[in-house]
Amino acid sequence: MTDQDFRRRLDEAAAVTEATLDALLAPSPLAGEIARPARLLEAMRYVALGGGKRLRPFLALESARLFGVTGPGAARAAAAIEMIHCYSLAHDDLPAMDDDDLRRGRPTAHKAFDEATAILAGDGLLTYAFDVLADPATHQDAQIRARLVLALARAAGLGGMVGGQALDLEAETAAAPLAQDEILLLQAMKTGALLRVSVDFGAILGGASPQIAAALGRYGDALGAAFQIADDILDAEGDEAALGKRAGKDAERNKATLIGLLGLGQARARRDALVETAIAALAETGLGAATATLAEAARFVALRSS
């Protein structure tokens, strides 16, 4: 697969995700809803729409495509993951967390609105994600819907992303730098869990065998770890205009990263080795050339500039 072909698929997934989110965040209340307050909806749309690579929904859509699963149901599942990601960014940017003023090249939610509205917008996206997954419009099989809900809850909550964010905050004021295994655990939870579950969604939607699902999971784990290292490298070396957010904040806030522990050279080597691990895991699925787009995604994650 050429880089141009990959970029086209990435852009297509982003467009599908944008259109799905736009429709889900429409003004008209759903059955069972009382009303959709205009300012809150505006803030939710501000947080969720109009930016980002949409990597997580892309991984979900491409993983589902391996099993011939496409269409609105898969798009809804992918959009639910993106809602979780976007809510986490809105909350992560708050003054009590990472205190950022810029996200995706524009003011963060609490700057564009206010802190309370940014919190509520994140809360709204978090809960709506599970509404979307539980709706029969996502999948006709209630067991599949339940598996999607459970997988996302486990990846996004106490034992996943939120737990990782807590560990990240603790590390900023720790008496001693974290050991390597502690950093890897933090990063696997904070960043890796949501990337891994994106791939798991494709396996669930596609009815993958346990063996194939496990191989895809190993791919997701390696890709998530590579993504975090690449993100840390960009924070250390990246251009703020290209990133669309403030650079150099990891060092300012004493963030626990592999760069701080190993240095840039060893961190890059580990990132590249993880990409090869991810690609090797795809080969273990036995799905052959169908996995080429996901393999290219691993390379993209490592070499991205924003």
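Student: What does "buried" mean here, and is Ala 64 buried or exposed?

Tutor: Buried means under 20% relative accessible area, exposed means over 50%, and partly exposed is what lies in between, computed with a 1.4 Å probe and protein chains only. Ala 64 is buried, because its relative accessible area is 0%. Before we go on, please note that this is a predicted model, where local features need pLDDT of at least 70, side-chain atom pairs count only at pLDDT 80 or more, and totals for chains, interfaces and linings use all residues. Residues are numbered from 1 along each chain as its sequence is written, and side-chain values use heavy atoms, with hydrogens and water left out.

Student: Where is Ala 64 placed, and which residues does Ala 64 touch?

Tutor: Contact means heavy atoms within 4.5 Å. Not counting residues up to four places away in sequence, Ala 64 touches Val 69, Gly 202 and Leu 205. Ala 64 itself sits in helix 3, residues 55–65. Helices (H or I, at least four residues) and strands (E, at least two) are DSSP runs, numbered from the N terminus. For a sense of distance, Ala 64 and Arg 9 are 55 residues apart in sequence, with 14 Å between their C-alpha atoms.

Student: How many helices and strands does the protein chain have?

Tutor: The protein chain has 15 helices and 2 strands.

Student: Which residues other than glycine have a positive phi?

Tutor: As a general idea, most residues other than glycine have a negative phi. Arg 54 has a positive phi of about 60 degrees, and Arg 104 has a positive phi near 55 degrees. Arg 54 lies in the loop between helix 2 (38–48) and helix 3, and Arg 54 counts as buried because its relative accessibility is 2%. Arg 104 lies in the loop between strand 1 (102–103) and strand 2 (106–107); at 26% relative accessibility, Arg 104 counts as partly exposed.

Student: Which residues is Glu 18 in contact with?

Tutor: Leaving aside neighbours within four places in sequence, Glu 18 is in contact with Leu 49, Gly 50, Gly 51 and Arg 54. Glu 18 belongs to helix 1, residues 3–24, and is partly exposed, with a relative accessible area of 25%. Leu 66 is 48 residues from Glu 18 along the chain, and their C-alpha atoms are separated by 22 Å.

Student: And what about Leu 126: where is Leu 126 found, and what is Leu 126 in contact with?

Tutor: Leu 126 is found in helix 6, residues 115–134. Apart from neighbours within four places in sequence, Leu 126 is in contact with Ile 84 and Tyr 87. Leu 126 is partly exposed, with a relative accessible area of 26%. Cys 86 lies 40 residues away along the chain, with a C-alpha separation of 8.8 Å from Leu 126.

Student: How does the radius of gyration of the protein chain agree with a compact globule?

Tutor: The radius of gyration is taken over C-alpha atoms, and the globule rule is 2.2 Å times the number of residues to the power 0.38. With 306 residues, a compact globule would have a radius near 19 Å, and the protein chain has 19 Å, which agrees. The C-alpha trace spans about 50 × 50 × 35 Å along its principal axes. Buried residues make up 51% of the 306 residues.

Student: What part of the contacts joins residues at least 24 apart?

Tutor: Among contacts between residues at least 6 apart in sequence, 74% join residues at least 24 apart.
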